[in-house]
Amino acid sequence: MGRLKKLKKIRIHREGTHILWGSFFLLLLINAALYWGIECKLPFYLVAIVSISIYMLMVNFFRCPIRFFGHDTEKIVVAPADGKIVVIEEVEENEHFHDRRLMISIFMSITNVHANWYPVDGAVKKVAHHDGNFMKAWLPKASTENERSTVVIETPEGVEVLVRQIAGAVARRIVTYAEVGEECYIDEHLGFIKFGSRVDVYLPLDTEVCVQLGQLTTGNQTVIAKLK
């Protein structure tokens, strides 16, 4: 029951509430002005179609599906985000581990759900935010030079997993809910990144990879790796 109480059961993510309401009234005002202020209705119809399209894209972006993994989570690593696998490689991780790790990166386009989930069960050991650039999120340098938020989780078996939320060329705000010392679970939200971005997961080198480059992922559903 304690685990279920921690789940954020929301359909539209709370990070989008003010933006959606503000955009709704702004677009409503613009369309009302065109409808009542111009005798020719063609501009109104054109703007109305564009307004509805833009607003539906925003609603799609801030949607927050309720998901439950529904399987044994021991030593399982799930995708922390919807998107596409763009990197699977050994890299030098110099912020926390200071050694070589297996990095799996998921790129989120502007049409993906942008809520982020914890990839493993465990306890939060570290949370750090770093200011930086806003270069395209799929570039290799984005992991270390873009604005980013780092979360380190220790699994019940004592394995540390690092998750890094990375801002992109469009994304300008990273939200991280993780707090040092709290327990975290697969099914629970780690945070949110607004408007296109990337999430990296750093794992031990002997981890079994369960995905391949170019594969689409579903946050909190796709198993991306199994810990030894």
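The lining of the second largest pocket divides into 7 nonpolar residues, 2 polar and no charged. Here Ala, Val, Leu, Ile, Met, Phe, Trp, Tyr, Cys and Pro count as nonpolar, Asp, Glu, Lys and Arg as charged, and the others, Gly among them, as polar. The model is predicted: local features need pLDDT of at least 70, side-chain atom pairs count only at pLDDT 80 or more, and totals for chains, interfaces and linings use all residues. Residues are numbered from 1 along each chain as its sequence is written, and side-chain values use heavy atoms, with hydrogens and water left out.

**The second largest pocket**

- Its volume is about 170 Å³. A volume is the space filled by probe spheres set on grid points, which are joined across faces, edges and corners.
- A pocket is found on a 1 Å grid over the protein atoms alone, as an open set of points where a 1.4 Å probe fits, with protein on both sides within 12 Å along at least five of seven lines; lining residues have an atom within 4 Å of a point.
- F24, L27, L28, N31, A48, S51, I52, Y55 and M56 line this pocket.
- Two helices, α2 (17–37) and α3 (42–62), each supply at least two lining residues. The most come from α3, with 5 residues.
- F24 sits in helix α2. F24 counts as partly exposed, because its relative accessibility is 35%.

**Whole chain**

- The chain has 4 helices and 14 strands. Helices (H or I, at least four residues) and strands (E, at least two) are DSSP runs, numbered from the N terminus.
- Of its 228 residues, 49% count as buried. Buried means under 20% relative accessible area, exposed over 50%, and partly exposed in between (1.4 Å probe, protein chains only).
- Accessible surface comes to about 11300 Å², and 59% of this belongs to carbon and sulfur atoms. Areas come from the Shrake-Rupley method with a 1.4 Å probe; for residues, only the protein chains shown count as cover.
- Among contacts with a separation of 6 or more, 72% join residues 24 or more positions apart. Contact means heavy atoms within 4.5 Å.

**Nonpolar cores**

- A nonpolar core is a set of buried Ala, Val, Leu, Ile, Met, Phe, Trp, Tyr and Cys residues joined through side-chain atoms within 4.5 Å.
- The largest has 29 residues; V77, I104, Y118, I153, L203 and I224 have the most contacts inside it.
- Two or more residues come from each of β3 (99–108), β6 (148–154), β7 (160–167), β10 (189–193), β11 (197–203) and β14 (223–226). Strand β3 gives the most, with 4 residues.
- Apart from this core lies another, of 13 residues, including Y55, F62, C64 and W117.
- In soluble globular proteins, nonpolar side chains tend to be buried together.

**I153 in strand β6**

- I153 lies in β6. I153 counts as buried, because its relative accessibility is 0%.
- Beyond its neighbours within four places in sequence, I153 is in contact with residues including Y118, P119, V120, D121, V161, V163 and C184.
- I153 and E183 are 30 residues apart in sequence, and their C-alpha atoms are 9.0 Å apart in space.

**Q165 in strand β7**

- Q165 is found in β7. Q165 is buried, since its relative accessible area is 1%.
- Leaving aside neighbours within four places in sequence, Q165 is in contact with residues including N116, E147, R148, I174, L190, F192 and R198.
- The C-alpha atoms of Q165 and S197 are separated by 7.9 Å; the two residues are 32 apart along the chain.

- Most residues other than glycine have a negative phi.
- K75 is not a glycine, yet has a positive phi of about 65°. K75 lies in the loop between α3 and β1 (76–78). With a relative accessible area of 32%, K75 is partly exposed.
- H98 also is not a glycine and has a positive phi, of about 55°. H98 is in the loop between β2 (83–93) and β3. H98 counts as exposed, at 51% relative accessibility.
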